[in-house]
Amino acid sequence: MDAFYIVLLFMALLLPGFILGKAKLLQEGAMISFSNVLMYVAMPFLVFVKLLDVDFKELDWFPLLLSATLPILLSPLLAWLGKICCKNEPQKKRAQIFCATFPNCGFLGIPLAAVMFPTQAEIILYVSVFNVVSTFLLLTLGVYILSGERKNILAWKTLISPISIAILLGVAISFLHVKENAPVIYTFANTLAQLCTPLSMISLGFELSKIPFLQLWKHKEAYLVSIIKLLLSPLCAFLILLFFKCCTPLIVDGSLAFAIMLATATSTAASAPAMAKKYALDAEYTATLTLVNTLLFTVTLPLVYLLFKAAF
(Lines give C-alpha, C1' and ligand atoms only; values in the text may rest on other atoms or scores of the structure.)
Protein backbone atom coordinates (compact mmCIF):
# COMPACT_ATOMS: atom_id res chain seq x y z
CA MET A 1 0.00 0.00 0.00
CA ASP A 2 2.92 2.38 -0.64
CA ALA A 3 0.76 4.32 -3.10
CA PHE A 4 -1.84 4.97 -0.39
CA TYR A 5 0.68 6.58 1.95
CA ILE A 6 2.29 8.59 -0.85
CA VAL A 7 -1.10 9.92 -1.96
CA LEU A 8 -2.08 10.61 1.65
CA LEU A 9 1.12 12.59 2.19
CA PHE A 10 0.63 14.32 -1.14
CA MET A 11 -2.93 15.35 -0.30
CA ALA A 12 -1.84 16.52 3.17
CA LEU A 13 -0.12 19.32 1.28
CA LEU A 14 -3.63 20.72 0.77
CA LEU A 15 -3.67 21.80 4.42
CA PRO A 16 -1.52 24.97 4.22
CA GLY A 17 -3.64 26.43 1.42
CA PHE A 18 -6.86 25.34 3.14
CA ILE A 19 -5.88 26.80 6.53
CA LEU A 20 -4.56 30.05 5.08
CA GLY A 21 -7.69 30.38 2.95
CA LYS A 22 -10.00 29.85 5.92
CA ALA A 23 -7.98 32.34 7.96
CA LYS A 24 -8.27 34.89 5.11
CA LEU A 25 -4.46 35.06 4.93
CA LEU A 26 -4.58 34.14 1.25
CA GLN A 27 -6.64 36.14 -1.21
CA GLU A 28 -7.91 35.36 -4.69
CA GLY A 29 -5.41 37.72 -6.29
CA ALA A 30 -2.50 35.97 -4.59
CA MET A 31 -3.73 32.60 -5.84
CA ILE A 32 -3.86 33.88 -9.41
CA SER A 33 -0.18 34.78 -9.01
CA PHE A 34 0.49 31.34 -7.49
CA SER A 35 -1.17 29.68 -10.46
CA ASN A 36 0.87 31.77 -12.90
CA VAL A 37 4.14 30.81 -11.17
CA LEU A 38 3.03 27.18 -11.22
CA MET A 39 1.96 27.21 -14.88
CA TYR A 40 4.74 29.32 -16.35
CA VAL A 41 7.70 28.46 -14.11
CA ALA A 42 7.48 25.46 -11.78
CA MET A 43 5.69 22.94 -13.98
CA PRO A 44 7.67 23.64 -17.18
CA PHE A 45 10.95 23.45 -15.26
CA LEU A 46 9.87 20.15 -13.65
CA VAL A 47 9.17 18.67 -17.09
CA PHE A 48 12.37 20.19 -18.50
CA VAL A 49 14.68 18.91 -15.74
CA LYS A 50 13.20 15.41 -15.83
CA LEU A 51 13.71 15.22 -19.58
CA LEU A 52 17.41 15.89 -19.02
CA ASP A 53 17.50 12.53 -17.21
CA VAL A 54 15.99 10.65 -20.16
CA ASP A 55 18.30 8.80 -22.54
CA PHE A 56 16.43 9.38 -25.80
CA LYS A 57 18.84 7.19 -27.76
CA GLU A 58 17.62 4.19 -25.76
CA LEU A 59 13.98 5.29 -25.54
CA ASP A 60 11.28 3.22 -27.23
CA TRP A 61 9.14 5.58 -29.31
CA PHE A 62 5.97 3.44 -29.12
CA PRO A 63 5.14 4.59 -25.55
CA LEU A 64 5.41 8.23 -26.67
CA LEU A 65 3.05 7.58 -29.57
CA LEU A 66 0.58 5.77 -27.32
CA SER A 67 0.79 8.54 -24.69
CA ALA A 68 -0.22 11.02 -27.38
CA THR A 69 -2.93 8.80 -28.87
CA LEU A 70 -4.76 7.70 -25.71
CA PRO A 71 -6.26 11.13 -24.89
CA ILE A 72 -7.70 11.24 -28.41
CA LEU A 73 -9.37 7.87 -27.82
CA LEU A 74 -10.47 8.44 -24.24
CA SER A 75 -11.79 12.01 -24.23
CA PRO A 76 -14.67 11.48 -26.71
CA LEU A 77 -15.52 8.19 -24.97
CA LEU A 78 -15.68 9.81 -21.53
CA ALA A 79 -17.67 12.76 -22.88
CA TRP A 80 -20.16 10.31 -24.39
CA LEU A 81 -20.42 8.41 -21.08
CA GLY A 82 -20.99 11.68 -19.28
CA LYS A 83 -23.67 12.68 -21.76
CA ILE A 84 -25.68 9.47 -21.37
CA CYS A 85 -25.17 9.07 -17.61
CA CYS A 86 -25.47 12.62 -16.26
CA LYS A 87 -29.00 13.91 -15.78
CA ASN A 88 -29.64 17.55 -14.93
CA GLU A 89 -30.57 20.91 -16.40
CA PRO A 90 -28.56 21.63 -19.59
CA GLN A 91 -26.06 24.09 -18.07
CA LYS A 92 -25.19 21.82 -15.14
CA LYS A 93 -25.03 18.82 -17.44
CA ARG A 94 -22.38 20.57 -19.54
CA ALA A 95 -20.29 21.11 -16.42
CA GLN A 96 -20.73 17.47 -15.44
CA ILE A 97 -19.62 16.18 -18.85
CA PHE A 98 -16.56 18.45 -18.81
CA CYS A 99 -15.59 17.39 -15.27
CA ALA A 100 -16.02 13.71 -16.15
CA THR A 101 -13.80 14.02 -19.23
CA PHE A 102 -10.71 16.13 -18.62
CA PRO A 103 -8.00 15.16 -16.10
CA ASN A 104 -5.77 17.30 -13.93
CA CYS A 105 -2.66 15.59 -15.27
CA GLY A 106 -0.79 18.90 -15.26
CA PHE A 107 -1.33 20.22 -11.73
CA LEU A 108 -1.66 16.74 -10.15
CA GLY A 109 -0.34 14.07 -12.52
CA ILE A 110 3.09 15.58 -13.22
CA PRO A 111 3.91 16.48 -9.57
CA LEU A 112 2.60 13.13 -8.36
CA ALA A 113 4.74 11.29 -10.92
CA ALA A 114 7.78 13.14 -9.54
CA VAL A 115 6.88 12.08 -5.99
CA MET A 116 5.92 8.46 -6.68
CA PHE A 117 8.59 7.66 -9.29
CA PRO A 118 11.51 10.06 -8.65
CA THR A 119 14.07 7.91 -10.49
CA GLN A 120 11.94 7.14 -13.58
CA ALA A 121 12.14 10.32 -15.64
CA GLU A 122 10.44 8.71 -18.63
CA ILE A 123 7.19 8.52 -16.63
CA ILE A 124 7.06 12.31 -16.41
CA LEU A 125 7.80 12.47 -20.14
CA TYR A 126 4.84 10.21 -20.95
CA VAL A 127 2.51 12.09 -18.57
CA SER A 128 3.66 15.39 -20.11
CA VAL A 129 2.97 14.20 -23.66
CA PHE A 130 -0.46 12.97 -22.54
CA ASN A 131 -1.02 16.36 -20.89
CA VAL A 132 -0.16 18.34 -24.04
CA VAL A 133 -2.66 16.38 -26.15
CA SER A 134 -5.25 16.45 -23.35
CA THR A 135 -4.86 20.24 -23.12
CA PHE A 136 -5.39 20.52 -26.87
CA LEU A 137 -8.62 18.52 -26.50
CA LEU A 138 -9.68 20.59 -23.47
CA LEU A 139 -9.32 23.78 -25.56
CA THR A 140 -11.28 22.26 -28.46
CA LEU A 141 -13.72 19.54 -27.39
CA GLY A 142 -13.85 20.90 -23.82
CA VAL A 143 -14.66 24.44 -24.93
CA TYR A 144 -17.34 23.11 -27.26
CA ILE A 145 -18.87 21.08 -24.39
CA LEU A 146 -19.04 24.15 -22.13
CA SER A 147 -20.07 26.75 -24.68
CA GLY A 148 -21.90 24.73 -27.33
CA GLU A 149 -20.27 26.87 -30.02
CA ARG A 150 -17.33 26.06 -32.29
CA LYS A 151 -16.29 29.72 -32.59
CA ASN A 152 -14.94 29.65 -29.02
CA ILE A 153 -12.42 26.89 -29.71
CA LEU A 154 -8.87 27.88 -28.67
CA ALA A 155 -6.76 25.05 -30.10
CA TRP A 156 -3.85 27.29 -31.08
CA LYS A 157 -3.07 28.10 -27.43
CA THR A 158 -1.84 24.59 -26.70
CA LEU A 159 0.85 24.91 -29.40
CA ILE A 160 2.58 27.64 -27.41
CA SER A 161 1.78 26.33 -23.93
CA PRO A 162 4.61 26.27 -21.34
CA ILE A 163 4.54 22.46 -21.18
CA SER A 164 4.86 22.14 -24.97
CA ILE A 165 7.85 24.50 -24.98
CA ALA A 166 9.42 22.69 -22.00
CA ILE A 167 9.14 19.35 -23.81
CA LEU A 168 10.74 20.71 -26.98
CA LEU A 169 13.61 22.36 -25.07
CA GLY A 170 14.09 19.37 -22.78
CA VAL A 171 14.33 16.92 -25.66
CA ALA A 172 16.70 19.18 -27.64
CA ILE A 173 19.00 20.01 -24.71
CA SER A 174 19.06 16.44 -23.35
CA PHE A 175 21.35 15.48 -26.27
CA LEU A 176 23.90 18.01 -25.00
CA HIS A 177 24.30 16.10 -21.70
CA VAL A 178 23.70 19.28 -19.69
CA LYS A 179 23.53 17.40 -16.41
CA GLU A 180 27.16 16.31 -16.78
CA ASN A 181 28.58 19.19 -18.84
CA ALA A 182 26.76 22.16 -17.27
CA PRO A 183 25.57 21.12 -13.77
CA VAL A 184 24.82 24.75 -12.84
CA ILE A 185 22.02 24.84 -15.44
CA TYR A 186 20.65 21.55 -14.15
CA THR A 187 20.76 22.75 -10.52
CA PHE A 188 19.02 26.02 -11.45
CA ALA A 189 16.24 24.20 -13.31
CA ASN A 190 15.86 21.57 -10.59
CA THR A 191 15.54 24.24 -7.86
CA LEU A 192 12.62 25.87 -9.68
CA ALA A 193 11.11 22.45 -10.40
CA GLN A 194 10.82 21.78 -6.66
CA LEU A 195 8.16 24.50 -6.44
CA CYS A 196 5.72 22.47 -8.53
CA THR A 197 4.26 20.09 -5.95
CA PRO A 198 3.77 22.52 -3.03
CA LEU A 199 2.36 25.28 -5.23
CA SER A 200 -0.13 22.97 -6.96
CA MET A 201 -1.42 21.57 -3.68
CA ILE A 202 -1.57 24.95 -1.89
CA SER A 203 -3.67 26.22 -4.79
CA LEU A 204 -6.06 23.27 -4.54
CA GLY A 205 -6.24 23.66 -0.75
CA PHE A 206 -7.21 27.30 -1.16
CA GLU A 207 -9.98 26.38 -3.61
CA LEU A 208 -11.27 23.83 -1.11
CA SER A 209 -11.36 26.47 1.64
CA LYS A 210 -13.85 28.61 -0.30
CA ILE A 211 -16.69 26.08 -0.20
CA PRO A 212 -18.37 24.81 3.02
CA PHE A 213 -17.30 21.19 3.49
CA LEU A 214 -20.81 19.77 3.96
CA GLN A 215 -22.02 21.56 0.84
CA LEU A 216 -19.50 19.60 -1.22
CA TRP A 217 -21.38 16.35 -0.68
CA LYS A 218 -24.96 17.51 -1.33
CA HIS A 219 -24.88 17.00 -5.07
CA LYS A 220 -25.46 13.33 -5.87
CA GLU A 221 -24.32 13.83 -9.45
CA ALA A 222 -20.84 14.67 -8.15
CA TYR A 223 -20.42 10.98 -7.26
CA LEU A 224 -21.40 9.87 -10.77
CA VAL A 225 -18.95 12.34 -12.28
CA SER A 226 -16.27 11.00 -9.93
CA ILE A 227 -16.97 7.39 -10.91
CA ILE A 228 -16.52 8.24 -14.60
CA LYS A 229 -13.44 10.41 -14.08
CA LEU A 230 -11.61 8.45 -11.36
CA LEU A 231 -12.55 4.83 -12.13
CA LEU A 232 -13.93 4.37 -15.65
CA SER A 233 -11.28 6.58 -17.25
CA PRO A 234 -8.26 4.61 -15.93
CA LEU A 235 -10.16 1.34 -16.44
CA CYS A 236 -10.64 2.11 -20.14
CA ALA A 237 -6.95 3.02 -20.41
CA PHE A 238 -6.06 -0.18 -18.56
CA LEU A 239 -8.02 -2.31 -21.05
CA ILE A 240 -6.35 -0.59 -24.01
CA LEU A 241 -2.88 -1.17 -22.54
CA LEU A 242 -3.77 -4.77 -21.70
CA PHE A 243 -4.85 -5.32 -25.32
CA PHE A 244 -1.49 -4.06 -26.62
CA LYS A 245 0.38 -6.15 -24.06
CA CYS A 246 -1.48 -9.42 -24.69
CA CYS A 247 -2.53 -9.20 -28.33
CA THR A 248 0.35 -7.41 -30.07
CA PRO A 249 4.15 -7.74 -30.15
CA LEU A 250 4.49 -4.15 -28.94
CA ILE A 251 6.04 -3.73 -25.50
CA VAL A 252 3.97 -2.10 -22.76
CA ASP A 253 6.26 -1.73 -19.74
CA GLY A 254 5.62 -0.55 -16.21
CA SER A 255 6.82 3.00 -16.90
CA LEU A 256 4.23 3.55 -19.62
CA ALA A 257 1.49 1.83 -17.62
CA PHE A 258 2.05 3.89 -14.48
CA ALA A 259 2.30 7.10 -16.51
CA ILE A 260 -1.05 6.41 -18.16
CA MET A 261 -2.48 5.47 -14.77
CA LEU A 262 -1.48 8.86 -13.32
CA ALA A 263 -2.64 10.76 -16.38
CA THR A 264 -6.10 9.16 -16.43
CA ALA A 265 -6.80 8.53 -12.74
CA THR A 266 -6.28 12.11 -11.55
CA SER A 267 -9.24 14.30 -10.70
CA THR A 268 -10.90 16.91 -12.90
CA ALA A 269 -8.83 19.63 -14.58
CA ALA A 270 -8.18 22.47 -12.14
CA SER A 271 -9.22 24.99 -14.80
CA ALA A 272 -12.83 23.69 -14.84
CA PRO A 273 -14.40 26.38 -12.56
CA ALA A 274 -12.67 29.27 -14.35
CA MET A 275 -13.66 27.92 -17.77
CA ALA A 276 -17.25 27.37 -16.62
CA LYS A 277 -17.39 30.99 -15.46
CA LYS A 278 -15.95 32.19 -18.78
CA TYR A 279 -18.75 30.47 -20.70
CA ALA A 280 -21.54 31.64 -18.38
CA LEU A 281 -22.03 28.37 -16.50
CA ASP A 282 -22.27 27.96 -12.72
CA ALA A 283 -18.64 28.26 -11.58
CA GLU A 284 -19.38 27.39 -7.93
CA TYR A 285 -21.24 24.23 -8.95
CA THR A 286 -18.35 23.27 -11.26
CA ALA A 287 -15.87 23.91 -8.43
CA THR A 288 -17.92 21.60 -6.22
CA LEU A 289 -17.76 18.79 -8.81
CA THR A 290 -14.02 19.36 -9.15
CA LEU A 291 -13.28 19.39 -5.43
CA VAL A 292 -15.43 16.33 -4.65
CA ASN A 293 -13.53 14.16 -7.09
CA THR A 294 -10.23 15.71 -5.96
CA LEU A 295 -10.98 14.47 -2.43
CA LEU A 296 -12.25 11.08 -3.65
CA PHE A 297 -9.07 10.79 -5.71
CA THR A 298 -7.18 10.01 -2.47
CA VAL A 299 -9.27 6.84 -2.13
CA THR A 300 -9.47 5.72 -5.74
CA LEU A 301 -5.84 6.21 -6.84
CA PRO A 302 -4.37 3.51 -4.54
CA LEU A 303 -7.00 1.06 -5.84
CA VAL A 304 -6.22 1.91 -9.46
CA TYR A 305 -2.49 1.68 -8.69
CA LEU A 306 -2.93 -1.87 -7.35
CA LEU A 307 -4.79 -2.87 -10.52
CA PHE A 308 -2.06 -1.52 -12.80
CA LYS A 309 0.70 -2.95 -10.61
CA ALA A 310 -0.84 -6.43 -10.74
CA ALA A 311 -0.98 -6.40 -14.55
CA PHE A 312 2.14 -4.48 -15.51
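## Ground rules

Residues are numbered from 1 along each chain as its sequence is written, and the model is predicted, so local features need pLDDT of at least 70, side-chain atom pairs count only at pLDDT 80 or more, and totals for chains, interfaces and linings use all residues. Side-chain values use heavy atoms, with hydrogens and water left out.

## How α3 meets α6

Take helix α3 (residues 28-51) and helix α6 (residues 105-116): they pack at about 35 degrees, axes 11 Å apart. Helices here are DSSP runs (H or I, at least four residues), numbered from the N terminus. Axes are lines fitted to C-alpha atoms over the stretch in contact, and angles run from 0 to 180 degrees between N-to-C directions. The crossing of α3 past α6 is left-handed (near helix turned anticlockwise from the far one by less than a right angle).

On the α3 side, Leu38, Met39, Met43, Leu46, Val47 and Lys50 make the contact; α6 brings Gly106, Phe107, Ile110, Pro111 and Ala114. Contact means heavy atoms within 4.5 Å. By class, that's nine nonpolar residues, one polar and one charged, with Gly counted as polar and Lys as charged.

## The cavity

Searching the whole structure turns up one cavity of 30 Å³ or more (on a 1 Å grid over the protein atoms alone, points where a 1.4 Å probe fits but cannot get out; lining residues have an atom within 4 Å of a point). The largest cavity has a volume of about 70 Å³, the space filled by probe spheres set on the points, which are joined across faces, edges and corners.

Its lining includes Pro71, Phe130, Lys229 and Thr264. Elements giving two or more residues are α4 (61-85), α7 (121-147) and α14 (221-247), and α4 gives the largest share, four residues. The lining has five nonpolar, five polar and one charged residues.

Conventions. 1 Å grid on protein atoms, 1.4 Å probe; cavity = no way out; pocket = protein on both sides within 12 Å on 5 of 7 lines; lining within 4 Å.
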